[in-house]
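This briefing sets out selected structural features of the model shown below. The points are grouped by topic for a reader who wishes to follow them in the coordinates.

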Amino acid sequence: MTVIFKEETFHDDFTFRNSPEAVKRFPFPFPEDSYMYSVNLEPHKSYRPGSVYERTFDVDEHYVSEMRDRARVLAEDPLRCQSLPHMTLAGWDLLELIMTSKAEEYPELFELHRDGAKWHWINRPLGIEQKFTFLDETTLPYGPMEYITRQTQGDFAVLDQRDENLWMDAGMVTTQADWSLDFDIGMNFFEWHAPVPKAHEMGIFQRALKFLLNVQQGSPARRLNWTMTVNPLLDTSPENYHKWGVMKKDLTLENMGQMMHLRVELQTFFRLPRSNALVFPIRCYLIKLDELVTVPKWARRFHRVIRDLPAELATYKGFVTNRPKIVEWLSKYDDGAPTSPGIWAD
Amino acid sequence: MSAGAAKIPVTVAEVTPVNELVTRFKFVRRDGGPMPTFSGGAHTVVEMNDRDRVRRNPYSIMSDPGDRGAYSISIRRDDNGRGGSLFMHRQVRPGMEMVISNPVNLFALDLRARKHLLLAGGIGITPFLAQIKQLSAMNGNFELHYSVRSASLASYADELVANHRSRVHLYHDERGEQIDLPALLDGQPLGTHVYVCGPKGMIAWVRNTATALGWPREAVHHEEFLAPASGKPFEVMLARSNKLIRVGEHQSLLEAIEAAGVEAPYLCRGGACGQCETDVLEHEGTFLHKDHWLTPTQCASGTKIMPCVSRFEGRTLVLDR
Ligand code: FES
């Protein structure tokens, strides 16, 4: 497989675009014409060659530009990456997981040579070559979690497991949908999920936590989540709300197709072997509405989902004021025909 | 989710008698590859094909978490048990092919601890052997207090003393030695976590003493896999699979469900992990709850049972399985 890495930005001039191939593999999150919050977890197994589910960590055409964006965000705000002292071992676990799976699944892009604790890592797309000693922090330019997540798309919440709960004790978070590692660090599962409407009453968190506590080594899990973002912003952090929140006001029927983006998170869950911690990579995929409606099934279904979404969910996801406009725009692409089940384009 | 953790086909590489009651077993992967990395305190479930039945028992992995070449476990022979340990002692030979589960850790070190105080009784030493190797590799601060029946039954005591003389304290029952627990717990620096693994009485003693001395619950860790109790045979209706099964005297409800070809989740098979929790749809009779998982209220409600260790006496039991 060859990936052609694109030069693009996720800020200022917003040159981010999906190629037609990237549109085709987009993880459209709606298996049916309506949406309700659910746990929707499944095993993270390789599935559908070419899809975002094929590899352990998906590397796509946006890789190099996304990593540049991460470096930019970190330079402005180093608190986007934090790790409490007891989480260093989990950072090594994560580094090992990412390096071994990338080297195995993308041999033309990444190489890992191991001679006992002497490791040699080559990352071709980013032009990185690093020799280091596994478990010796002084041999890397950053801590192990920061080092490897500066080279891996998606955010990373690294959770300590104790007292029948999960604690957000480390993370790299620069592409988030309006939450903040700096606010959430040290919180447990219920604390950091406190703002989600309805889910508590439905007992969803109790069930989800129970599932996650039992995620086993060698049996990772995944789910999709989604929201909407005006402009292709990876970094929609609460810290920067004053910068991106105002962009929502610029939305018109004319610029809708270019400015409005469906934002899908592929969340995966892995048990880390040395630390027994759980890592929760959250990979963000963006697609403009103009790109989305090139797939007729998605266009129809997305119109119906957005139109019928309960108001509190539209509010929680931050687009309730723009919803009438979005629905009006999407309605032009809904001819009323039935949609086929499942998320993939026909 | 499927039953149990992912499985590993292994070959028995070594069977080593440790003393008159304990034998060590070493497993390597059949395909020659490395074992999955694990952390100190993890267990593996060993499947035993004992004539017409499959036994599955959890055992702590005692080898070095840094060594991916093999897993070792130590098993104490229990002549009055249900037969798993006797099968391992009598039937298992080097070269035999077996299946074990991926490691699962229900007894992990709390890596925030400034000091790890490890309290072992008898065969309860096994998870600590791996934890001590892990802690030594990280320069962790630990202290082991190991209580044994007699010098000849003190599994791995010599090795522990040889490698960590200043950190290991041994107590021989036959010499009337006992851990001075209140003094030990009282003298610990702030940020110490205590871990206990051993007989039921020892676990209760440590937990109660720690509570009485004001230790926070989160700083006291224990592990105990209960062996499923034997009892009167009983019948169970599995509603979803539409099967009527019979649980034998020396069989657990979980084993009977599996023997009927019905998939049932589990991780520890010892009443500790919560994975096997099953809804009771109907019952007329008494539950014999044995697990560490259900709350007293849940037990009293008659709506849940943990089939890995618990039993039932009565006329009807219908499960959602
Ligand atoms: S299998 Fe763990 S509690 Fe039953």
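Leaving aside its neighbours within four places in sequence, with which residues is Tyr146(B) in contact? The model is predicted, and in it Tyr146(B) is in contact with Ala120(B), Gly122(B), Ile125(B), Ala154(B), Ser155(B), Ala157(B), Leu160(B), His169(B), Leu170(B) and Tyr171(B), once neighbours within four places in sequence are set aside. The predictor assigns the complex an ipTM of 0.84 and a pTM of 0.90. For chain B the mean pLDDT is 95, with 99% of the residues at 70 or more.

- Tyr146(B) belongs to strand 9 of chain B.
- Tyr146(B) counts as buried because its relative accessibility is 0%.
- Between the C-alpha atoms of Tyr146(B) and Lys304(B) there are 37 Å, the two residues being 158 residues apart along the chain.

**The parallel sheet of chain B**

- An open sheet of five strands in chain B has the order 10-9-8-11-12, with parallel pairing.
- Its edge strands are strand 10 (168–172) and strand 12 (220–223) of chain B, each of which pairs on one side only.
- From one strand to the next, the twist averages 15°.
- Strand 9 (residues 142–148) and strand 10 of chain B run parallel and are joined by five bridges.
- Val148(B) has His172(B), in strand 10 of chain B, as its bridge partner.
- Helix 2 (residues 126–137) of chain B lies across strand 8 (115–121), strand 9 and strand 11 (192–197) of chain B, and its direction makes an angle of about 155° with strand 8 of chain B.
- Helix 5 (residues 200–212) of chain B lies across strand 8, strand 11 and strand 12 of chain B, and runs at about 170° to strand 12 of chain B.

**The mixed sheet of chain B**

- A further open sheet in chain B consists of five strands in the order 14-13-17-15-16, and its pairing is mixed.
- Strand 14 (243–247) and strand 16 (304–305) of chain B stand at the edges with a single partner strand each, so one side of each has no neighbour in the sheet.
- Strand 15 (residues 278–288) and strand 17 (residues 311–319) of chain B run antiparallel, joined by eight bridges.
- Opposite Phe287(B) stands Phe312(B), in strand 17 of chain B.

**The hairpin of chain B**

- Strand 3 and strand 4 of chain B form a hairpin with two residues between them, and Arg51(B) in the turn has a positive phi of about 50°.
- Eight bridges connect strand 3 (residues 42–50) of chain B with strand 4 of chain B, and the two run antiparallel.
- Asp50(B) stands opposite Arg53(B), a residue of strand 4 of chain B.
- Strand 4 (residues 53–60) of chain B is largely enclosed by the rest of the structure, because six of its eight residues are buried.

**Loop residues with positive phi**

- Tyr156(B), a residue other than glycine, has a positive phi near 65°.
- Tyr156(B) is found in the loop between strand 9 and helix 3 (157–163) of chain B.
- With a relative accessibility of 9%, Tyr156(B) counts as buried, since the cut-off is under 20%.
- Arg48(A) is likewise not a glycine, yet its phi is positive at about 55°.
- Arg48(A) lies in the loop between strand 1 (42–43) and helix 2 of chain A.
- At 38% relative accessibility, Arg48(A) counts as partly exposed.

- Buried residues in helix 2 of chain A include Tyr63(A), Val64(A), Met67(A), Asp69(A), Arg70(A) and Leu74(A).
- The largest nonpolar core has 66 residues, of which Trp226(A), Leu262(A) and Phe302(A) touch the most other members.
- Helix 7 (residues 204–213) of chain A supplies the largest share of this core, six residues.
- A second, separate core contains 36 residues, among them Ala90(A), Trp92(A), Trp121(A) and Ile148(A).
- Not counting residues up to four places away in sequence, Trp226(A) touches residues including Pro29(A), Phe30(A), Tyr35(A), Leu262(A), Ile306(A) and Phe319(A).
- In soluble globular proteins, nonpolar side chains tend to be buried together.

Notes:
Residues numbered from 1 in each chain as written. Chains lettered and ligands numbered in written order. Predicted model: local features only at pLDDT ≥ 70, side-chain atom pairs only at ≥ 80, totals over all residues. Heavy atoms only, no water. Pairing = 2+ DSSP bridges. Helix = DSSP H or I, 4+ residues; strand = E, 2+ residues; numbered from the N terminus. Axes fitted to C-alpha atoms, helices over the stretch in contact; angles between N-to-C directions. Contact = heavy atoms within 4.5 Å. Buried < 20%, exposed > 50% of the residue type's maximum accessible area, 1.4 Å probe, protein only. pLDDT = per-residue confidence, 0-100. Core = buried A, V, L, I, M, F, W, Y, C linked by side-chain atoms within 4.5 Å.
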